[in-house]
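User: I would like to learn how to read side-chain features in a model of this kind. Could you take me through them one at a time?

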Amino acid sequence: MGNIRTSFVKRLSRELIETHRGQFTTDFDENKKLVMEYSTVSTKHLRNKIAGYVTRLVRLEQNQS
């Protein structure tokens with residue numbers, strides 16, 4: 001079974017990747033810092049969920065190329 005993410009996490013992650021193309025990497029800790037810098041997420045838990053999904057999307061994008 002996998003993780004179920006809310007539509008807010010998915011939407012915000014995709015928006016961050018689109019607006020800041022090339023900034024995000026496959027490193028979760030680096031993405032955490034970038035999410036904190038580029039968004040107004042209020043909680044650590046939500047920031048980590050978004051950074052994790054961004055990391056996953058970047059990995060999937062690299063595997064398709």
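Analyst: We begin with accessibility: buried means under 20% relative accessible area, exposed over 50%, and partly exposed in between, with a 1.4 Å probe and protein chains only. E15, with a relative accessible area of 38%, is therefore partly exposed. This is a predicted model, in which local features need pLDDT of at least 70 and side-chain atom pairs count only at pLDDT 80 or more, while totals for chains, interfaces and linings use all residues. Residues are numbered from 1 along each chain as its sequence is written, and side-chain values use heavy atoms, leaving out hydrogens and water.

User: Which residue meets E15 in a salt bridge?

Analyst: A salt bridge is a side-chain nitrogen of Lys or Arg within 4 Å of a carboxyl oxygen of Asp or Glu. The partner of E15 is R11, at 3.4 Å from N to O, and R11 is likewise partly exposed, at 42% relative accessibility. The whole structure holds four salt bridges, among them the one between E61 and R21, also with 3.4 Å between the closest N and O atoms.

User: How are the rings of F24 and Y38 arranged?

Analyst: Rings of Phe, Tyr and Trp (its six-membered ring) pair if their centres lie within 6.5 Å, and planes under 30 degrees apart count as stacked, over 60 as edge-to-face and the rest as tilted. There is one aromatic pair here; the ring centres of F24 and Y38 are 6.3 Å apart and the planes stand at 75°, so the pair is edge-to-face. F24 is buried at 9% relative accessible area, whereas Y38, at 26%, is partly exposed.
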